[in-house]
Amino acid sequence: MAGKLIAGNWKMNGSVTFATELVEGLLGKLNEGSVSSDFVVCPPAALLGTVLSLTKDTDLAVGGQDCHANVSGAHTGDTSAELLKDIGCGYVITGHSERRTDHGETNVDVNAKSAAAIKAGLTPIICIGETEEERVSGGTLNVIKLQVTESLPDDCDPDNIVLAYEPVWAIGTGKTATPEDVADVHNFIRSLLNDRFGEDAAKKIRILYGGSVKPENAAELLAVSNVDGALVGGASLKVEDFWAIGVR
C-alpha cells in the first residue's frame with residue numbers, strides 16, 4: 001500500500017481568492033521536497049475550475065464533494081462523475097454524513113454514486129459512520145457492517161476505492177474518538193473487506209479516519225492499526241494545519 005492519504009473536505013467554504021491562496025500554499029510545501037503522504041483537496045463545485053487550473057501537472061490531487069449516479073439528464077444542480085473526471089478530478093466523496101442527513105441519501109444511493117464514480121475512472125471516498133445515539137446504544141459495529149455491505153458496489157475495484165470512517169458525533173464537534181475506539185472500528189472494517197474481497201485485495205483499500213482531525217491529534221490517530229490516512233474538515237482550510245496532519 002502507498003503512503004497515507006490526507007483528504008481535505010472544504011465543505012461549503014471558500015472563495016476564489018481563498019482557494020488560490022490555499023492551493024498555492026500547499027503547492028509551495030509540496031515543492032519543497034518529497035513527502036510520503038498523498039494529498040487531495042475537495043473544494044465546493046464552483047471552485048473546482050480554479051483549483052484544477054492551479055494543480056494541473058502537480059502532485060496535489062483534486063476531488064469533488066459529491067456526484068450524481070447518472071451520466072446526464074434533468075438533474076438541476078447536480079454534477080455527474082463523468083464531468084468531474086473530464087475536468088480533471090481524480091476523486092469524489094460519496095456518502096458523507098452531511099449528504100446522508102441533509103439530503104436523505106441512503107446506502108443504496110451511495111452505492112449507485114460510488115459505482116458511477118468508478119465507471120467514470122474516479123476513486124470514490126466512501127464515507128461511513130455511526131451517530132451518537134447508535135454508539136450509545138451499542139450499535140456501532142452493526143451500523144458499520146450494514147453501511148460497508150450496502151454502500152460498496154458489487155463490481156467495485158478494491159484497488160480504486162477508499163473508505164472513510166467518520167463517526168457522525170465527532171464531525172465538527174471537537175469530539176474525537178479515542179485511538180482504541182478507532183482501532184476497534186478500523187480493524188472491524190478491514191475484516192469485512194477481507195471477507196468480501198480476500199486478504200490480498202482488501203489490504204490495498206485505504207481506510208481513512210475523519211472526525212475533528214487536527215495537528216494536535218493526527219499523529220496518534222494515524223498511528224492506529226488499519227488507519228491509512230485522514231479525511232479532514234476544518235483543519236483542511238489552513239495550509240499549515242492541513243500540511244502538519246500529513247507530514248510529520
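This is a predicted model: local features need pLDDT of at least 70, side-chain atom pairs count only at pLDDT 80 or more; totals for chains, interfaces and linings use all residues.
Student: Are K113 and D66 buried or exposed, and what makes them so?

Tutor: Both K113 and D66 are buried. Residues are numbered from 1 along each chain as its sequence is written, and side-chain values use heavy atoms, leaving out hydrogens and water.

Student: Why is the contact between K113 and D66 called a salt bridge?

Tutor: The name needs a side-chain nitrogen of Lys or Arg within 4 Å of a carboxyl oxygen of Asp or Glu. In K113 and D66 the closest N and O atoms are 2.9 Å apart, so the pair qualifies. The two partners come from distant parts of the chain, 47 residues apart: K113 belongs to helix α5 (residues 107–120), and D66 to the loop between β3 (60–64) and α3 (81–87). Those elements are DSSP runs numbered from the N terminus (helices: H or I, at least four residues; strands: E, at least two).

Student: Which residues join K113 and D66 in a network of salt bridges?

Tutor: R99 and E105 are linked with D66 and K113 in that network. The structure as a whole holds 13 salt bridges.

Student: What makes R135 and D181 count as a salt bridge?

Tutor: Their closest N and O atoms are 3.9 Å apart, so they come within the cut-off. This pair also links distant parts of the chain, with R135 in helix α6 (residues 132–136) and D181 in helix α8 (residues 179–197), 46 residues apart. R135 has 25% relative accessibility, so it counts as partly exposed, and D181 gets that label too because its value is 23%.

Student: How do you know whether D200 is buried or exposed?

Tutor: D200 has a relative accessible area of 54%, so it is exposed. The side chain of D200 meets that of K203 in a salt bridge, at 3.9 Å from N to O.

Student: Why is strand β5 described as largely enclosed?

Tutor: Six of the six residues of β5 (residues 123–128) are buried, so the rest of the structure largely encloses the strand. T123, I125 and C127 cover one side, with P124, I126 and I128 on the other.

Student: How do you know which strands pair with β5?

Tutor: Pairing requires DSSP to find at least two bridges between the strands. Strand β4 (residues 91–94) has four with β5, in the parallel sense, so they pair. Y91 has T123 as its bridge partner there. Strand β6 (residues 162–165) is also joined to β5 by four bridges and runs parallel to it, with Y165 standing opposite I128.

Student: What makes the space lined by C127 and I128, among others, a cavity?

Tutor: On a 1 Å grid over the protein atoms alone, a cavity is a set of points where a 1.4 Å probe fits but cannot get out; a pocket is an open set with protein on both sides within 12 Å along at least five of seven lines, and lining residues have an atom within 4 Å of a point. A search of the whole structure finds one cavity of 30 Å³ or more, and the largest cavity has a volume of about 50 Å³. (Points are joined across faces, edges and corners, and the volume is the space filled by probe spheres set on them.) Its lining includes G95, H96, C127 and I128, and α4 (97–102) and β5 each supply at least two residues.

Student: Which residues lie nearest the centre of the largest pocket?

Tutor: P44, A45, Q65, D66 and R99 do, out of 21 lining residues. Two or more of the lining residues come from each of α3 and α4.

Technical notes
Buried means under 20% relative accessible area, exposed over 50%, partly exposed in between (1.4 Å probe, protein chains only).
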